[in-house]
Amino acid sequence: MRAWIRLPLTFCLLLCSVLSLLSPGYAAEIPDWLQHLTELKHRAPDQVLQQLEQQQGEFYRLTPKQQAHWLNIRAAALSHQGRYPEQQDAARHGLELLGEEKSLLKAELLYELGYAREMQLALNEALSWYQQGMAVATALGDAKLRLRGVVNIAAVDSLQDRDQQALQALKLAYQEAEQLQDKELLADVNAQLGLMYSSLAFEQEALGFLERALALYDELGWQRNQVTVLYNLARNYSHLQNYELALQSFDRMLKSAEQEQDLLSLYYAYSGLAITNNEMNRPQLALDYMEKAEQYLNVIQSDYYLAGHYYEKALIYQQLQQNSLALQQLQLAEERMQQLDENKDSNMLLALRLLKAELLAEQGQYERAYQNLLNFVQGFQQFRDKENEIELAKIRMGFEAEREVARQTLLEQELQVKALRLADSEQARQIQWMWLGIAVGIIALLLALVMLAKLSKARGQRSGLQQTKQEE
């Protein structure tokens with residue numbers, strides 16, 4: 001199973017983009033200290049949360065709109081820390097305060113709520129929130145915020161095996177971002193395209209997008225986003241078996257996280273080092289790094305990512321031939337997967353079943369191994385059936401399109417035949433009139449000749465009579 005982490009794209013705009021969320025009148029109503037926190041939420045989310053807690057008493061003195069803005073800042077900062085349930089609560093509260101009002105701030109909160117649910121793998125619900133946010137942004141004519149919705153929806157589509165649909169949407173978003181010349185948006189789209197190509201095993205194509213995203217985030221000074229791209233870039237290098245570059249990226253990530261005291265990034269740096277060293281057949285070093293990562297495991301509030309942690313540790317124990325410990329880790333992973341709303345068709349669940357079957361077989365528990373392998377095969381078949389249904393639907397749509405094209409072609413040919421027949425009929429009619437004209441002309445000429453002959457004969461007769469009379 002490939003380990004990737006996705007950027008919290010719902011808060012990837014700088015101050016200029018944030019202020020664009022607010023009408024001039026509303027922006028003027030926001031206290032200066034709250035606007036200052038808006039500027040900091042991307043660069044220093046820990047500091048933002050600390051200040052919000054210190055000024056909690058001010059919250060109840062604000063208007064409902066200002067409170068919603070406060071909660072939007074809080075939701076964004078919490079997302080940077082991976083505190084998704086709390087992010088979800090903040091976004092819901094902000095939406096309740098706004099009610100039925102349609103504003104770009106509401107679209108922001110809808111995206112925050114969608115991201116929190118996506119990170120908890122409630123994908124259908126996340127998709128619904130993203131679509132609602134995008135509808136608001138579209139109705140209000142904000143291109144940047146609309147494109148952020150496109151990127152978020154593409155991420156969910158990718159997780160739900162609609163890869164081609166997601167990739168096409170991201171390509172169009174990339175073209176629009178290029179036209180807008182918006183650095184923040186381009187960084188987000190490049191990061192997601194890189195992640196998308198990596199997950200599809202097009203590692204070489206992914207490199208360019210990830211490296212460009214990394215450079216853009218570096219220019220913007222968005223350290224948290226930069227660290228996330230470093231992780232995905234390192235995993236991409238690992239799959240290309242360029243392990244030295246992978247380790248360099250993780251080391252760079254680790255130094256940045258230590259400097260910023262970023263506990264979430266510290267976890268991912270150590271776990272990434274553990275996964276890479278295990279792939280390099282250095283399981284003991286991998287286990288050491290994984291144990292360091294577990295010092296920060298409490299910051300992971302996503303059951304899906306926790307399941308991934310236990311799965312990766314199980315792989316390390318398998319390399320060390322400690323199958324009993326590996327099975328214990330798989331049990332923890334399965335318990336986490338049971339907490340998720342949508343896990344039946346998860347690639348993670350399939351990976352867990354396959355690894356469990358391998359471990360049980362190695363322990364000689366062949367009956368249990370067979371049962372787990374059977375569960376894996378059934379799950380994989382369901383997964384393939386779903387893919388086949390999608391492909392069959394595409395084929396049917398293709399056939400319908402071909403039939404429509406054929407119908408149009410036949411109609412055009414029929415019209416062309418009718419046009420040719422009309423032209424032939426018109427030409428025949430013209431020929432008929434021409435021959436009729438010629439016939440009339442000939443008849444008229446013959447009649448004229450006959451008349452002339454008669455007149456000439458009559459004149460001759462008159463002339464003969466006159467001459468006879470004269471002789472007499």
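At what angle do helix α16 and helix α18 pack, and how far apart are their axes?

Analyst: The model is a predicted one, in which local features need pLDDT of at least 70 and side-chain atom pairs count only at pLDDT 80 or more, while totals for chains, interfaces and linings use all residues. Residues are numbered from 1 along each chain as its sequence is written, and side-chain values use heavy atoms, with hydrogens and water left out.

Helix α16 (residues 263-279) packs against helix α18 (residues 303-319) at an angle of about 35°, and their axes are 10 Å apart. Helices here are DSSP runs of H or I with at least four residues, numbered from the N terminus. The axes are lines fitted to C-alpha atoms over the stretch in contact, and angles run from 0 to 180 degrees between N-to-C directions. The crossing of α16 past α18 is left-handed, a term used if the near helix is turned anticlockwise from the far one by less than a right angle.

On the α16 side, the contact (heavy atoms within 4.5 Å) involves Tyr267, Tyr268, Ala274, Ile275 and Asn278. Their counterparts in α18 are Tyr305, His309, Glu312, Leu315, Ile316 and Gln319. By class, this contact has seven nonpolar, three polar and one charged residues. Ala, Val, Leu, Ile, Met, Phe, Trp, Tyr, Cys and Pro count as nonpolar, Asp, Glu, Lys and Arg as charged, and the others, Gly among them, as polar.

Ring pairs link Tyr267, Tyr268 and Tyr305 with Tyr231, Phe250 and Tyr304. Rings of Phe, Tyr and Trp (its six-membered ring) pair if their centres lie within 6.5 Å; planes under 30 degrees apart count as stacked, over 60 as edge-to-face and the rest as tilted. The structure holds 16 aromatic pairs.

One of these joins Trp33 and Trp70, whose ring centres are 5.7 Å apart with planes at 85°, so the pair is edge-to-face. It links distant parts of the chain, 37 residues apart: Trp33 lies in helix α3 (residues 32-40) and Trp70 in helix α6 (residues 64-80). Trp33 is partly exposed at a relative accessible area of 23%, whereas Trp70 is buried at 2%. Buried means under 20% relative accessible area, exposed over 50%, and partly exposed in between (1.4 Å probe, protein chains only).

Tyr304 and Tyr305 also form an edge-to-face pair, because their ring centres are 5.8 Å apart and their planes lie at 75°. Tyr305 counts as buried, at 16% relative accessibility.

Key
Helix = DSSP H or I, 4+ residues; strand = E, 2+ residues; numbered from the N terminus.
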